[in-house]
Amino acid sequence: MNTELAPYVGAVAVVSAAAITWAARVAPLVARPTEPEPASFTEPEPGTRWLRCDTTTCGHLTRPHVPQPDGTWVCTVCADSKGEPQ
Ligand SMILES: [Zn+2]
């Protein structure tokens, strides 16, 4: 390589590296965030009650329970029955 051009080649390399790192820093600011998917809602079955479920599957969380003909309530997550049959 021509030794007289070495400082210029070095300067170009430094400026190029600075431009690349600047572009990398600015790119996330310019990029638009993607639109989040709208949440989907489902209607609960008529008569559904939110009751605490004490099974290990549900871990005492409040889960939807659907009424049964015998008067009990069945958890829609773990199918555990709640209440006294009538
Ligand atoms: Zn449950």
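## Burial and overall form

Of the 86 residues in the protein chain, 5% are buried in this predicted model. The chain contains 1 helix and 4 strands, and these follow one another along the sequence in the pattern α-β-β-β-β. Its radius of gyration is 32 Å, well over the 12 Å that the globule rule gives for 86 residues, so the chain is more spread out than a compact globule.

The C-alpha trace spans about 100 × 25 × 15 Å along its principal axes. Among contacts between residues at least 6 apart in sequence, 10% join residues at least 24 apart.

## Confidence

The mean pLDDT of the protein chain is 88, and 99% of its residues reach 70 or more. Among the elements, H1 has the lowest mean pLDDT, at 82, whereas E3 has the highest, at 96.

## Helix H1

Helix H1 covers residues 6-30. At 1.5 Å a residue, its 25 residues should span 36 Å, and the C-alpha atoms at its ends are 36 Å apart, which agrees with that expectation. The helix is hardly covered, since the count of buried residues among its 25 residues is 0.

## The sheet

The 4 strands form an open sheet in the order E1-E2-E3-E4, with antiparallel pairing. Strand E1 (49-52) and strand E4 (81-82) stand at the edges; each has a single partner strand, so one side of each is left without a neighbour in the sheet.

Strand E2 (residues 62-67) runs antiparallel to E1 and is joined to E1 by 4 bridges. Within this pair, Trp 50 has Pro 64 in E2 as its bridge partner. E2 also pairs with E3 in the antiparallel sense, over 3 bridges, and here the bridge partner of Val 66 is Val 74 in E3. Strand E3 (residues 73-75) in turn pairs with E4, again in the antiparallel sense, over 2 bridges.

Thr 48 is found in the loop between H1 and E1. This residue counts as partly exposed because it has 15 C-beta neighbours inside 10 Å, and the partly exposed class lies between 12 or fewer for exposed and 20 or more for buried.

Leaving aside its neighbours within four places in sequence, Thr 48 is in contact with Pro 64, His 65 and Val 66. Pro 64 is also the bridge partner of Trp 50. The C-alpha atoms of Thr 48 and Gly 71 are separated by 13 Å, with the two residues 23 apart along the chain.

## Turns, loops and positive phi

E2 and E3 form a hairpin with 5 residues between them. Gly 71, in the turn of this hairpin, has a positive phi of about 95 degrees. Most residues other than glycine have a negative phi.

His 60 lies in the loop between E1 and E2 and is exposed, with 10 other C-beta atoms within 10 Å. Ala 79 is placed in the loop between E3 and E4; with 9 C-beta neighbours inside 10 Å, Ala 79 counts as exposed.

Terms used
Residues are numbered from 1 along each chain as its sequence is written. This is a predicted model: local features need pLDDT of at least 70, side-chain atom pairs count only at pLDDT 80 or more; totals for chains, interfaces and linings use all residues. Two strands pair if DSSP finds at least two bridges between them. The radius of gyration is taken over C-alpha atoms; the globule rule is 2.2 Å times the number of residues to the power 0.38. Two residues are in contact if their C-beta atoms, placed from the backbone, lie within 7 Å. The expected span of a helix is 1.5 Å times one less than its number of residues. pLDDT is the predictor's confidence in each residue, from 0 to 100.
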